[in-house]
Protein chains: 2
Amino acid sequence: MQNLENTVDRIQELIDTDTEQQLRDELNTYHEADLADIFQQLKPEERLSCFTKLDEEKAADVLEYLPPQLQVEILGEIDETLASRLISKLPHDEAADVLGDMEDDESQTYLDKLPEKFSSEIRELLTYNDDTAGGIMNPKVLTVGYSMSVKDALDTIRIKAEEESMELYYVYVVDKHNHLLGVVSLRTLLTSPVNLSIADIMIKDIVKVHVDDYQGHIADIFMKYQFNALPVVDLYDHIKGIVTWDDVQDVVEEETTDEILTSSGIVTDLGDDDDDVLTGSIGHAIKARTPWLFITLIGEFIAVSITSKYDHTFTALPIIAAFMPLLAGLGGNIGTQSITLMVRGMSTGQVTLHSSWHYIWRETLTGISIGFIFGLFVSLVTWKWQHNIELGIIVGLAMALNMTIATMIGTCTPLVLKKMKIDPAVASGPVIATTIDVIGLAVYLTLVTWYLVSIN
Amino acid sequence: MQNLENTVDRIQELIDTDTEQQLRDELNTYHEADLADIFQQLKPEERLSCFTKLDEEKAADVLEYLPPQLQVEILGEIDETLASRLISKLPHDEAADVLGDMEDDESQTYLDKLPEKFSSEIRELLTYNDDTAGGIMNPKVLTVGYSMSVKDALDTIRIKAEEESMELYYVYVVDKHNHLLGVVSLRTLLTSPVNLSIADIMIKDIVKVHVDDYQGHIADIFMKYQFNALPVVDLYDHIKGIVTWDDVQDVVEEETTDEILTSSGIVTDLGDDDDDVLTGSIGHAIKARTPWLFITLIGEFIAVSITSKYDHTFTALPIIAAFMPLLAGLGGNIGTQSITLMVRGMSTGQVTLHSSWHYIWRETLTGISIGFIFGLFVSLVTWKWQHNIELGIIVGLAMALNMTIATMIGTCTPLVLKKMKIDPAVASGPVIATTIDVIGLAVYLTLVTWYLVSIN
């Protein structure tokens, strides 16, 4: 698909002009992932009319790529028997996700209509927490017995892969009670003499995750070791499923979004179901956005109460007030840069508590350098503009101090929060910006007062 | 590895106490990815002394996980023959990356020492731009002829996989001139009758990328279709290599970092080699951070010049000045939230130009609601605190207007930039924050002036 917007326009035209066969043909030429993108741009009734024109296999595939709320929307609108058939065509982990997003009584109806074995497997998956390995794993995992020969193993794989339509990543080796003993790559299997025993060629030091491990932790393991898949075990080391990189991809995207939104003071874990700030209700958006704004409000009231003590200064020298936004604005900006660098550095693993002094020192030097350059520049401009060299010196000095302090606060706070085991992304939010505001104003107004005292 | 910091401390102790055998044993028990993490925390001389104690295979693996500057550092310090041996053990794409990060004459020395075939393949890889498919692909790709039977294909795979130690993802089908014709999954190969022809079981509609496609585009394709690997072809459809998800993973992390840093007004593409703001030189950090700060400075000088026109107001009613930080702070914060939501929504694909009116309307409503709540609250607090109902009304009204306008600017600007094909992440930066500052102050001071005029 070359251009999403043109494609959507063309499809909407086909719907409007009621050329059904042409619409059907057009839709079935796209890849499922493209169709999912197109469907997200359509109005609900257009979406439904397109969906029902897809071949059944393709419809199930498209469902897999759609976001949860659209999956539930579409399944709720189509015939119940068709819906059950589509659900039973989904991979187990996807089917469980779809059913997990529905109201309880609705998902029960579907579960009762699904084939016995499939529905009992899904019911087990639904017992795991959404955010854990159990919640994202696929329970269909390819295992072979440790006492098999390479030939037996290959035969087993042929049969299982055909029956269950499972992905082939690694082959896990288990004993007869399904305890995970090792792993063999397909490459090793294909290139080993056929009469060797699996126990002799398997790798025994395996990285695995526990069903209750949180998805963020699993994503970190994937990113670090760069595996394609990881086995999931229970407390007794029974293999329960497999997590693949595409499951984790979604987790990484979610976590990145959370990191970015948290940084701008949006609360991402309100704990209700309707947990998307962009697509959820406006009430939800307000709940997510106001808490840190409110804390900013309190912080800024402190700034106001400090500033209001200088009313005699403003009466005497009103130009002093006019420079306040300049100081607050630049302090806030350079501070945000430092916070962003540190928070991102910590989340990619570049910055650790171990190396923190190095970065504090480095950022402080950067802050002093930039502060000096900007302070000098602001001094000169203010002097020439206002024809007042003292004002120029005060504003420039306040600027230099302000930018240096803002850099230091921006660098240290995420590290301190990390040390206190608080999410450092919170630091980039409004609180630090407000702190920088308050300190910046205090520094500036103190300098002004000293000057006024010295000339009187 | 349970805890990076404890592990690093223990290893540093082993280095200091000079218990060489123990250090060697300890190091060789860790996974390569863990060792790479540990090495990044060590001082250069500690790093070198640890690296030389690793088995050669393991040393090559660790090298793969290290960031470029450390790869070059370590290879430069160890014996040249050992360095060449280590490089020749790396996958082709990694070897090319390592050599590409060295000075030209240095990499030539190594290339001359490497086995003929390997070095000529690496020389070809080095001709591609770093940021393109050619620059991140592995040229070792598993192909079978389209006229082969399934049995022949499996035999070919057995031999090739053993010789070349290549990863098995998909098997690509080519004609005798190496034109890409189709793809077969290992699963299909293993489960098809052995005498069928490959041409009959291959998938012909394949998603592929071109050697000159930019890595960001490739990452988007991986994220959308969730493939494990993609074939890379040249203009004439000859297969040139394969890009796997772990290559793309690094790209995605890089792009996310760029998006986040750009949002805070840090320039990420200065175009020099030393392109890491966190680890590069301080001069580089200053160059990356000042451009947008400077633009902010100009914007804030505009704010100052507007505000300075109200000097008579500040003389008459100095409390008016004290409320400026409150208005600027909250406008900036809520505006940043809107920008962040839109920029992130666009980069995950949730927000498109097609759906932009929906989001503009939604954000505006959110802005009005939050503005109303905060305006009312601020009115009441100001009234009670300053015993001045008029001031309360003015500040509260300015707050409500300010927050609504800030939300609208924050929502629309990224969309407009996107429409103009400018990176919307730039919007979250200082420019918009400054614009919001200026407009916020103008609204507030205009309200104040109206009030002062009306009472006089």
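A: The answer starts with conventions, then goes from the chain to the interface and its cores.

This is a predicted model, in which local features need pLDDT of at least 70, side-chain atom pairs count only at pLDDT 80 or more, and totals for chains, interfaces and linings use all residues. Residues are numbered from 1 along each chain as its sequence is written, while chains are lettered from A and ligands numbered from 1 in the order in which they are written.

First, the single chain. Chain A has 23 helices and six strands; these are DSSP runs numbered from the N terminus, with helices being H or I of at least four residues and strands E of at least two. Its C-alpha atoms fill a box of roughly 95 × 65 × 40 Å along the principal axes.

Now the pair. A rotation of 180° with 0.0 Å of shift along its axis superposes chain B on chain A, with an RMSD of 0.1 Å. The two copies are thus related as by a two-fold rotation axis. Of the residues of chain B, Thr315(B) comes closest to the axis, with its C-alpha at 2.1 Å. The same surface serves both copies: 100% of the contact residues of chain B recur in chain A.

The interface joins 86 residues of chain B to 86 residues of chain A. Contact requires C-beta atoms, placed from the backbone, within 7 Å. On the chain B side, helix H20 (residues 324-348) gives the largest share, 15 residues. That side divides into 43 nonpolar, 30 polar and 13 charged residues. Here Ala, Val, Leu, Ile, Met, Phe, Trp, Tyr, Cys and Pro count as nonpolar, Asp, Glu, Lys and Arg as charged, and the others, Gly among them, as polar.

Next, one residue at close range. Ala321(B) sits in helix H19 (residues 319-322) of chain B. Ala321(B) is buried because 28 other C-beta atoms lie within 10 Å; the cut-off for buried is 20 or more such atoms, with exposed at 12 or fewer and partly exposed in between. Not counting residues up to four places away in sequence, Ala321(B) touches Thr307(A), Phe314(A), Ala321(A) and Phe314(B).

Finally, the cores. The largest nonpolar core has 108 residues, and those with the most contacts inside it are Leu327(A), Leu330(A), Met399(A), Leu327(B), Leu330(B) and Met399(B). Such a core is a set of buried Ala, Val, Leu, Ile, Met, Phe, Trp, Tyr and Cys residues joined through C-beta atoms within 7 Å. Leaving aside neighbours within four places in sequence, Leu330(A) is in contact with Phe374(A), Met399(A), Met403(A), Leu293(B), Thr296(B), Leu297(B) and Glu300(B). Apart from this core lies another, of 78 residues, including Ile157(A), Tyr169(B), Ile218(B) and Ala229(B).

Technical notes
Copies are superposed by least squares on the C-alpha atoms of residues with pLDDT of at least 70 in both. Two residues are in contact if their C-beta atoms, placed from the backbone, lie within 7 Å.
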